[in-house]
Amino acid sequence: MDKKVEPKLFQLLQFDGNIKEKDVLQTNDGFWFVYRSIADILSNKGIFDFPDSNSVMQKMEEETEELKNAILGGKQEEIDEEFGDLIFTAVSLARKLGLDAEESLTRATEKFIRRFARLENAVIKDGKDITSLSMDELDSIWDRIKHKN
């Protein structure tokens, strides 16, 4: 009979025995809290932490290739898994660069909204309907707006 072995990760995450596996995975604080908790604890213990941002960038390239291959394979479950790995690695890069990934994503979303409003205004100014433009046309306008900043 096999004896159940508790994963070492959850032993490491037990903050003096106060946090258990189910607490880490079922927190109401969401992904960002769980990720930061795991990453910070492991990093503070010198375990499974990239030495620098370049090594994380290399890992992102690897994860991007794995996502491309999953997309080519067409299996949604594999695509989802590889996409998650890529996001997790991107958040690792943010942490390594001293950034808060959630704040960076919030700022990027706000920037997108501002830029999209400028794109809509440019399309209206040209007397066109945004829904009739191709993605290539919209991307061209987007690039012009982007480079005006």
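This tour goes through charged pairs and then a surface patch in a predicted model.

**Stop 1: D49 and R95**

Select D49 and R95 and show their side chains. The two side chains form a salt bridge, with N and O 2.7 Å apart. Where in the chain do D49 and R95 lie? D49 is in the loop between α3 (30-44) and α4 (53-73), while R95 belongs to helix α5 (residues 76-96).

D49 has 28% relative accessibility, so D49 counts as partly exposed. R95, at 23% relative accessibility, is also classed as partly exposed.

**Stop 2**

K96 counts as partly exposed because its relative accessibility is 26%, which falls between the limits of 20% for buried and 50% for exposed.

**Stop 3: K59 and E63**

Move to helix α4 and select K59 and E63, which both lie in this helix. Their side chains meet in a salt bridge, at 3.7 Å from N to O. How many residues apart are K59 and E63? They are four residues apart, about one turn of the helix.

Are K59 and E63 buried, partly exposed or exposed? K59 is partly exposed, with a relative accessible area of 25%. E63 has 6% relative accessibility and therefore counts as buried, since the limit for buried is under 20%.

Now select D49, R95 and K96 together: salt bridges that share partners join these residues into one network. As background, side chains of opposite charge can pair when their charged atoms come close.

**Stop 4: F112, I113 and F116**

Clear the selection and pick F112, I113 and F116. What do F112, I113 and F116 form on the surface? They make up a nonpolar patch, and together they have about 290 Å² of accessible area.

I113 is part of helix α6 (residues 101-125). With 54% relative accessibility, I113 counts as exposed, because the limit for exposed is over 50%.

Note on methods. Residues numbered from 1 in each chain as written. Predicted model: local features only at pLDDT ≥ 70, side-chain atom pairs only at ≥ 80, totals over all residues. Heavy atoms only, no water. Patch = residues over 30% accessible without salt bridge, like charges linked within 9 Å, V, L, I, M, F, W, Y side chains within 5 Å. Areas by Shrake-Rupley, 256 points an atom, 1.4 Å probe, with all protein chains shown as cover. Salt bridge = Lys/Arg side-chain N within 4 Å of Asp/Glu carboxyl O. Helix = DSSP H or I, 4+ residues; strand = E, 2+ residues; numbered from the N terminus. Buried < 20%, exposed > 50% of the residue type's maximum accessible area, 1.4 Å probe, protein only.
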